[in-house]
Amino acid sequence: MINPSENKIKDHLIQEVLEAVRDIQIRFQSEDDEEKQWLIQNSPNPAVEELIKEMTVTMLHVLDAIGTLEPVNGITISKQFGFSKGTVSKITRRLVSQNIIVTESLPDNKKEVLFRTTSLGKEIYRLHQGLHHQIDLGVHHFLQRYNEDELQFLVNTLQKTLHTSWIHSETEEEAIETARRDAYPSKASVAYKASSSLSLTEEMNEIMSMLNKLDSRNLKKAKTILNDVFFADYED
């Protein structure tokens with residue numbers, strides 16, 4: 001049984017976690033510019049450097065999809081990387097106009113357009129891959145400071161975030177009923193869950209629901225891990 005004073009501590013810690021999540025969103029947005037600066041500074045080719053200056057982050061991601069799957073059509077890019085068909089069409093036209101990619105058709109199907117990278121496109125693609133490799137190394141190096149229990153806690157928290165609704169807050173009785181339904185799901189509920197997707201607001205509510213289930217000790221642990229993973233400076 002959680003006493004009132006512990007509830008106040010939990011409420012305070014939950015508020016701090018929510019503020020940290022909002023700050024994380026802002027940081028991710030600002031890091032788009034930081035990534036572009038890294039690409040520009042590490043480009044050995046002045047022509048590539050100038051092209052990167054004109055490219056948006058979305059253009060880099062579409063180019064990354066083409067470089068990974070080429071030759072590839074727009075529908076496949078849209079399905080596998082989550083871009084809308086309109087976005088893919090608009091971005092590929094710009095990439096073609098800048099000689100970063102080229103189009104080609106299949107001999108037996110002239111209507112299907114495939115995309116390939118040019119030599120310039122391949123340089124940008126490899127440079128972008130280098131950036132992601134650098135980020136992966138930095139994250140891996142940073143997370144090495146945590147023990148197995150702390151890492152498992154973080155994994156569990158993030159995984160539960162993806163599967164808990166924040167929109168529909170539950171009473172204790174409702175939570176028990178939900179657990180019962182989850183243990184014996186109907187075919188309709190399984191189909192619904194498989195087809196539904198979470199918006200950012202829903203994800204925020206999911207985290208709130210999970211945090212409310214933690215005691216003060218685990219809330220402090222969640223706060224520490226979030227701060228360390230997303231806000232602390234670390235060396236490469």
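**View 1. Leu69, with a relative accessibility of 27%, counts as partly exposed, a class that lies between buried (under 20% relative accessible area) and exposed (over 50%), as computed with a 1.4 Å probe on protein chains only.** The structure shown is a predicted model, in which local features need pLDDT of at least 70 and side-chain atom pairs count only at pLDDT 80 or more, whereas totals for chains, interfaces and linings use all residues. Residues are numbered from 1 along each chain as its sequence is written, and side-chain values use heavy atoms, with hydrogens and water left out. Leu69 belongs to helix α3; helices (H or I, at least four residues) and strands (E, at least two) are DSSP runs numbered from the N terminus. Once its neighbours within four places in sequence are set aside, Leu69 is in contact with Thr76, Gln80 and Phe81, where contact means heavy atoms within 4.5 Å. Between the C-alpha atoms of Leu69 and Phe115, which are 46 residues apart along the chain, the separation is 9.2 Å.

**View 2. Helices α3 and α4 cross at roughly 110°, and their axes come within 10 Å.** The axes are lines fitted to C-alpha atoms, for helices over the stretch in contact, and the angles run from 0 to 180 degrees between N-to-C directions. Ala65, Ile66 and Leu69 of α3 make the contact with Thr76, Ile77, Gln80 and Phe81 of α4. By class, these are five nonpolar, two polar and no charged residues; Ala, Val, Leu, Ile, Met, Phe, Trp, Tyr, Cys and Pro count as nonpolar, Asp, Glu, Lys and Arg as charged, and the others, Gly among them, as polar. In the loop between α3 (57–69) and α4 (74–81) lies Pro71, which is joined to Glu70 by a cis peptide bond with an omega of about -10°.

**View 3. The axes of α3 and α6 come within 9 Å of each other and cross at roughly 100°.** With this angle, α3 is roughly perpendicular to α6. On the α3 side the contact is made by Leu60, His61, Leu63, Asp64, Gly67 and Thr68, and on the α6 side by Gly121, Ile124, Tyr125, His128 and Gln129. The contact of α3 with α6 has four nonpolar, six polar and one charged residues.

**View 4. Helix α2 (residues 46–54) packs on α6 at an angle of about 75°, with the axes 10 Å apart.** The angle makes α2 roughly perpendicular to α6. Here Ala47, Val48, Leu51 and Ile52 in α2 meet Leu120, Glu123, Ile124 and Leu127 in α6. Sorted by class, the residues of the contact of α2 with α6 are seven nonpolar, no polar and one charged.

**View 5. A search of the whole structure finds one cavity of 30 Å³ or more.** On a 1 Å grid over the protein atoms alone, a cavity is a set of points where a 1.4 Å probe fits but cannot get out, and lining residues have an atom within 4 Å of a point; grid points are joined across faces, edges and corners, and a volume is the space filled by probe spheres set on the points. The largest cavity holds about 40 Å³ of space, and its lining consists of Glu35, Lys36, Leu39, Val57, Leu60, His61, His128 and Leu131. The elements that give two or more residues to this lining are α1 (4–41), α3 and α6 (119–143). The lining has four nonpolar, two polar and two charged residues.

**View 6. Asn99 has a positive phi of about 60°, although it is not a glycine.** Asn99 is found in the loop between α5 (85–97) and β1 (101–106), and with a relative accessible area of 43% this residue is partly exposed.

**View 7. Asp33, in helix α1, counts as exposed at 54% relative accessibility.** The C-alpha atoms of Asp33 and Thr56 are separated by 9.4 Å, the two residues being 23 residues apart along the chain.

**View 8. The secondary structure of the protein comes to eleven helices and two strands.** From the N terminus on, the elements run α-α-α-α-α-β-β-α-α-α-α-α-α. Of the 236 residues in the protein, 31% are buried, and among contacts between residues at least 6 apart in sequence, 75% join residues at least 24 apart.

Technical notes. On a 1 Å grid over the protein atoms alone, a cavity is a set of points where a 1.4 Å probe fits but cannot get out, and a pocket is an open set with protein on both sides within 12 Å along at least five of seven lines; lining residues have an atom within 4 Å of a point. Angles under 35 degrees count as roughly parallel, over 145 as roughly antiparallel, 65 to 115 as roughly perpendicular and the rest as oblique.
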